[in-house]
Amino acid sequence: MLIDSHAHLEMPEFKRDLEAVIQRAKQSGVEYIFTVGTEKKDWTRALEIANSHPSLYAILGVHPHNAKEIDDQTYPTLRELCREKKVKAYGEIGLDFFRNLSPREVQLKRFREQIALAKELRLPIVVHDREAHPETLEILKSEKAEECGGIIHCFSGDYEMAKVCMDMGFYISVPGSITFKNAENLRGVVKRIPIESLLIETDAPFLTPEPFRGKRNEPSYVRYTAEKVAELKKISFEKVAEATTANAMRVYRMKVG
Ligand SMILES: [Zn+2]
Ligand SMILES: [Zn+2]
């Protein structure tokens, strides 16, 4: 059994064949999928998909790309939607200083605010950090993010950063890019992270692993990431599946069995 801890099934890329995508995931042993609604137009769709499939759950929040769109209605709406049973985390929130689609100052402010909101909602957070490692760590520390815990998704930092996050109770999530030729750094970091702190994800429709790189990503492909992690850590695929599943159940506070 595998879990795709982070995908975006409400995105238009899946509009045409969502049911087939979910079916293929099941057939590949992916028991649960966590779909992340990153902006206002996607929240109800993410929740609707989660509510209509027993194996799907939702994560809601405002992505750093969309931080500039936050207005007076945003947090009251999220407060309401996040009360739904199928919402298991708050996110993805954080900093993206690579694309800078929202001004940096706005991203920093909204990241802090949303950590506070997640704590109020008693949900773990899903953190997006691209090219903003020191700032992300600073905010996680100063906002006492260890009180909610959560996941650093699509982790791209070094081992020292991973260690600080793990010490704060965070899990480190690895996407399909671990199979890319140029991902030597990430592979080195994953070798050192204890399996007890690792999650696997697709971030579908993005970051499609080899051998499908270039095509649309989908949750069934999470197994290629699991296979790569097994190879790197010299443990069995079953062990990776079992540990990452248990970790996901723990961070999303779901009952086992
Ligand atoms: Zn992200
Ligand atoms: Zn994502």
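**How are the donor residues of the zinc ion (ligand 2) spaced in sequence?**

The spacing is H-x1-H-x83-E-x110-D. Before we go on, two notes on reading the model. It is predicted, so local features need pLDDT of at least 70 and side-chain atom pairs count only at pLDDT 80 or more, while totals for chains, interfaces and linings use all residues. Residues are numbered from 1 along each chain as its sequence is written, chains are lettered from A and ligands numbered from 1 in the order in which they are written, and side-chain values use heavy atoms, with hydrogens and water left out.

**Exercise 1. Describe the site of the zinc ion (ligand 2).**

Step 1: find the donors, which are N, O and S atoms within 2.8 Å of the metal (3.2 Å for Na, K and Ca); water is not among the atoms, so sites may look incomplete. Here they come from His6 (NE2), His8 (NE2), Glu92 (OE) and Asp203 (OD), at 2.1 to 2.3 Å.

Step 2: check the geometry. Four donors count as tetrahedral if all angles lie between 85 and 135 degrees; four count as square planar and six as octahedral if opposite donors are over 155 degrees apart and all others between 65 and 115; anything else is irregular. The angles among the 4 donor atoms run from 83 to 176 degrees, and the site is irregular.

Step 3: His8 is in the loop between β1 (2-7) and α1 (18-27), and Asp203 is in the loop between β8 (198-200) and α8 (222-233), 195 residues apart.

Step 4: look at exposure, where buried means under 20% relative accessible area, exposed over 50%, and partly exposed in between (1.4 Å probe, protein chains only). His8 and Asp203 are both buried.

**Exercise 2. Which residue bridges the zinc ion (ligand 1) and the zinc ion (ligand 2)?**

Step 1: list the protein donors of the zinc ion (ligand 1). They are Glu92 (OE), His128 (ND1) and His153 (NE2), lying 1.9 to 2.1 Å from the ion.

Step 2: name the bridge. Glu92 links the two zinc ions, which lie 3.5 Å apart.

**Exercise 3. Where is Thr35, and what does its side chain reach?**

Step 1: Thr35 sits in strand β2 (residues 30-37).

Step 2: Thr35 is buried, with a relative accessible area of 0%.

Step 3: the side chain of Thr35 reaches the backbone nitrogen of Leu9 at 2.7 Å.

**Exercise 4. Compare two salt bridges, one of Lys119 and one of Lys163.**

Step 1: recall that side chains of opposite charge can pair when their charged atoms come close. A salt bridge is a side-chain nitrogen of Lys or Arg within 4 Å of a carboxyl oxygen of Asp or Glu. The structure holds 17 of them.

Step 2: Lys119 pairs with Glu147 (3.1 Å, N to O). Lys119 lies in helix α4 (residues 104-121) and Glu147 in the loop between α5 (133-142) and β6 (150-153), so the pair ties together parts 28 residues apart in sequence.

Step 3: Lys163 pairs with Asp167 (3.0 Å, N to O). Being 4 residues apart in helix α6 (residues 159-167), they are separated by about one helical turn.

Methods. Helix = DSSP H or I, 4+ residues; strand = E, 2+ residues; numbered from the N terminus. Polar contact = N/O pair within 3.5 Å; in protein donor to acceptor, adjacent residues only side chain to side chain.
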